[in-house]
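This report looks at one helix and its surroundings, then at a ring pair, a pocket and a loop.

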Amino acid sequence: MLPDLNRVIEQVSKEKGIDRDIIVKALEEAMLSAAKRTFGLDRNIEAQFNPEIGQVELFEIKRVVEVVQDTDNEVTLDVARRTLDPDAEMGDELLAKLPPEKLGRIAAQAAKQNIIQRVRDAERDSIFNEFKGRKGELVSGTVQRFEKKNLIVNLGRTDAILPEKEQIPRERYRQGDRIRAYILDVDLHAKGPQIVLSRTHPGLLVKLFEQEVPEMYEKIVEVKGAAREPGGRAKIAVTSHDDDVDPVGACVGMRGTRVQAVVQELRNEKIDIVEWSPDSADYVCRALAPAKVSKIFIDDDEHAMEVIVPDDQLSLAIGKKGQNVRLASRLTGWRLDVRSESEAEEEHQRALASLGAIEGVSTATAEQLFQNGYKSAADVAAEDPETLADVDGIGPARAGGVIEAAEAERLLAEARAATTVDIDATSGEGGGRE
């Protein structure tokens, strides 16, 4: 007696999360393959699952012909009416049921292996389809094992990998620990779907805030950018679509409860919450907090900003090992050059001296040149007349002459510098004599 497959199909479908029709099709194809192995590859055989009896039934298809040329697939009208269908007519295709008990042991084993493989393939595809749409989501899992320095995390239906480079420095886990991570990538490999997790991606920071801040879920507060140095410090920029809701306050929460929950999840990573601004200069000033900014010079062509801060704010603006300015640059998307007021003033004076030394350039024009990004006579000499003509105090008529004068001043400056080097070298020749 063959087993009722209905219960098996339901159990596999539920446990593996595979559509019932996929399992039924796998059973039919496996039984068809086994039947052809047993009864002959040239036989015209069909497999159909009968849910009423819970079995896959096998049929061979016989065509009614006048003269039989293919004994496997053809039958005469007389034989057809006697053995298959008393109402058979010439040209009919008739189904004759095959006894599944006649399947050989090897064929049956092959059918079993075929079914197992097809269920595995279907399960692999099902898992891949489930997770490919979840890229960029936050997931929870359990640390299953360690492969070299990578973590294998069980997500329930499948395992995921947390590579060493996606782990927060100095963060340690043990087998069985719960872990939350960001789905970085989902690929389909021969062995099945590979789900790559990350604990260092800025998206993890964003998703954690979305879980803690109801205003984000309601789309009142929006995240405009995030930057991290995992395990050290992070910056997140937020804005509000409701004038009555303070985006920074919403993220901080009552007595800092919301931001602290995120900080603890990220192993005490310091988090700066910045209010986003559509004005790029203002946005950069906020991103450099807690440092105060005195002036900003914008170079749109290079997408860069020169940021001037008070002398006592320089170390704060740059941060430990340059961390603050790096994060601010990543957050805003601008290349930032942070300088102190005294350093900027020294450069300003050097630039005015060099620009003012160009024949025909007044102090006011030298200042205009400096404000337009020219820092020396060499900069002016390298410019083209059309661009230089746009500077106030130059104009198209003077541009060519100013460039020639700047080139002359550049050559003089180089000669003076060379002379100074020679004098210094000569004066040092007698050093060390008694």
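In α11, the buried residues are Gln 323, Asn 324, Val 325, Leu 327, Ala 328, Leu 331 and Thr 332. Buried means under 20% relative accessible area, exposed over 50%, and partly exposed in between (1.4 Å probe, protein chains only). Helices (H or I, at least four residues) and strands (E, at least two) are DSSP runs, numbered from the N terminus.

This is a predicted model: local features need pLDDT of at least 70, side-chain atom pairs count only at pLDDT 80 or more, and totals for chains, interfaces and linings use all residues. Residues are numbered from 1 along each chain as its sequence is written, and side-chain values use heavy atoms, without hydrogens and water.

Helix α11 spans residues 323–332 and is mostly covered, with 7 of its 10 residues buried. Those buried residues pack against β10, β11, β12 (270–275), α9 (280–287), α10 (314–318) and β15. Contact means heavy atoms within 4.5 Å. Gly 333 follows α11 and has a positive phi, near 85 degrees.

**Rings**

The whole structure holds 1 aromatic pair. The rings of Trp 276 and Tyr 283 have centres 6.4 Å apart and planes at 70 degrees, so the pair is edge-to-face. Rings of Phe, Tyr and Trp (its six-membered ring) pair if their centres lie within 6.5 Å; planes under 30 degrees apart count as stacked, over 60 as edge-to-face and the rest as tilted. The two partners are listed below.

| Residue | Relative accessible area | State |
|---|---|---|
| Trp 276 | 25% | partly exposed |
| Tyr 283 | 6% | buried |

Lys 224 lies over the face of Trp 276, at 4.4 Å from the ring centre. The cut-offs for a charge over a ring are NZ of Lys or CZ of Arg within 6 Å of the ring centre and within 35 degrees of the ring normal.

Of its 18 lining residues, Phe 297, Ile 298, Asp 299, Asn 372 and Gly 373 are the closest to its centre. The elements that give two or more residues to this lining are β13 (295–299), β14 (304–309), β15 (335–340) and α13 (363–371). A pocket is an open set of points on a 1 Å grid over the protein atoms alone, where a 1.4 Å probe fits, with protein on both sides within 12 Å along at least five of seven lines; lining residues have an atom within 4 Å of a point.

**Loop**

Gly 231 sits in the loop between β10 (221–229) and β11 (233–240). Leaving aside neighbours within four places in sequence, Gly 231 contacts Ile 168, Arg 170 and Glu 269.
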